[in-house]
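We will go from one stop to the next, and I will tell you what to look for.

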Amino acid sequence: MALSASGLPSSLAGLTFAKGHGTGNDFILTADPDGLRDLSAADVAAICDRHSGIGADGFIRAVRSEHLPEGQAVLQTNPDALWFMDYRNGDGSISEMCGNGVRVFVHFLLEEGLVQLAPGDVLPIGTRAGLKTVTRTDTGYAVDMGPWEFIFPDHAAAKAMDTVVNAGGLEVPRPGLSVSMGNPHTVVALAELSELAATDLAKAPSVEPVPANGTNVEFVVPAEPLVLDGVGQLTMRVHERGVGETRSCGTGACAAAVATRFWAGAGAPDAWHVRVPGGELGVRFLAGPDGREHVELSGPAVLVARGTLL
């Protein structure tokens, strides 16, 4: 592999980019409207490396939907979804979606002048997990993440758990509940914040059985009391597939709220505050246009730098 003067692959030379984050979950973003620069997994891993690259949890390429097969599929049923979020994990692997990433993606499109979006306006976005609609708010962006579902529904219904999870710092294995938000998650409840702090997420937790495409693992501590002013409260840490521990995970926050609400039983609220190391996210359950229950994720999006690779 040829290297440029910067030590990065020469295929990255001249790439213009922005760096952004949503509650500390950080991304490198580039605009490629015509789909002319499809980077390899090695390219993405190199630029996301925190020691020899720019450093990020993930890489986002903004492409017009018509230039990708996945985007064309979204356009068939949603012709207004003109932009596609081509999302890669920090190791270069392809991922279906990223809840924090889609907010930062829309903010990037807005700042690049590629879209116009006033507060209250809605923008449809294509992803590998299907259509996502993003509303600009006064404080950030709210994303209809679509419907949630249990990955192992029979076990979830019968036992309220479907996996066994081992992680460093925990003395015994813990039960988990696996939730799909378009990408896979396994949620584990812990009793105390001290236990959450002691959990070692430097190494990927062991999950058995593991969902078919691997899984992100969320460790959550429900607040005491659980509900404050009608809003559920929980604190979360996450290990993301292909990345490691991140300061936030949007789809993970949604999955954590899904599982905690399910465990809480009848009368649990539809609105949740999820505290992550990088800040706080809002999660809300609402009726979707398809007749299924959808999850809405809200939070900030920030761009912090721009540049061009040597």
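Which residue in β3 is the bridge partner of Ile28? Select Phe59, because that is the partner of Ile28 in β3; helices (H or I, at least four residues) and strands (E, at least two) are DSSP runs, numbered from the N terminus.

Before going on, a word on what you see: this is a predicted model, in which local features need pLDDT of at least 70 and side-chain atom pairs count only at pLDDT 80 or more, while totals for chains, interfaces and linings use all residues. Residues are numbered from 1 along each chain as its sequence is written, and side-chain values use heavy atoms, with hydrogens and water left out.

**Stop 1**

Select residues 25-31 and 58-64, which are β2 and β3: they pair in the parallel sense over five bridges (two strands pair if DSSP finds at least two bridges between them).

Gly22 stands opposite Asn25. In this hairpin two residues lie between the strands, and Thr23 in the turn has a positive phi of about 50°. Colour β2 by accessibility: six of its seven residues are buried (under 20% relative accessible area; over 50% is exposed, in between is partly exposed, with a 1.4 Å probe and protein chains only).

**Stop 2: Phe59**

Return to Phe59 in β3. Phe59 counts as buried because its relative accessibility is 2%. Leaving aside neighbours within four places in sequence, its contacts (heavy atoms within 4.5 Å) include Ile28, Val44 and Tyr87.

**Stop 3: Glu240**

Select Glu240 in strand β14, residues 231-240. What is the nearest side chain of opposite charge? It is Arg241, 7.3 Å away, and the buried Glu240 has no salt bridge (a side-chain nitrogen of Lys or Arg within 4 Å of a carboxyl oxygen of Asp or Glu). Lys and Arg count as positive and Asp and Glu as negative; His and the chain ends are not counted. Show Asn25 again too, as Asn25 is among the residues in contact with Glu240.

**Last stop: Thr199**

Finish at Thr199, in the loop between α5 (193-198) and β12 (206-208). Thr199 is buried, with a relative accessible area of 3%.
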